[in-house]
Amino acid sequence: MVPFDYSEIVYLEADINYTIFHFYNGKKSISPTTLKKNADKENLQHFLRIHRSFLLNPFHIIGLRRNGKKISVQMTDGTELEVSRRRKPLVKHLKKQIPVSIV
């Protein structure tokens, strides 16, 4: 994998034993390690786990969307990612920490 600036990562997505890095410029990069191993890296400690398949960069969150009982997070690259039931308390805490719009 080519070296990159961690602030350019919008989110990481799990794909079995691989991790897909999604960047702000729309590019993707695949890592041959699990999402859990990537989450343990020092440079990614501040990223948020909203689902077993997603790890988000909090600096790229622009809003939250509520649809009934479901909550999704809107990212700067236009992606909307659903929050798992068990991670909803984290997002509710996030609303207090980061100025995001709720739709």
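Two strands are taken to pair if DSSP finds at least two bridges between them, strands themselves being DSSP runs (E, at least two residues) numbered from the N terminus. On that basis this predicted model contains an open sheet of 5 strands in the order 3-2-1-5-4, with antiparallel pairing. Strand 3 and strand 4 (48–51) stand at the edges with a single partner strand each, so one side of each is left without a neighbour in the sheet. Neighbouring strands of the sheet are turned by 25° against each other on average, direction ignored, where axes are lines fitted to C-alpha atoms and angles run from 0 to 180 degrees between N-to-C directions.

Strand 2 (residues 18–23) is largely enclosed by the rest of the structure, because 5 of its 6 residues are buried, that is, under 20% relative accessible area with a 1.4 Å probe and protein chains only.

Residues are numbered from 1 along each chain as its sequence is written, and side-chain values use heavy atoms, with hydrogens and water left out. Because the model is predicted, local features need pLDDT of at least 70 and side-chain atom pairs count only at pLDDT 80 or more, whereas totals for chains, interfaces and linings use all residues.

Key
Buried < 20%, exposed > 50% of the residue type's maximum accessible area, 1.4 Å probe, protein only. Helix = DSSP H or I, 4+ residues; strand = E, 2+ residues; numbered from the N terminus.
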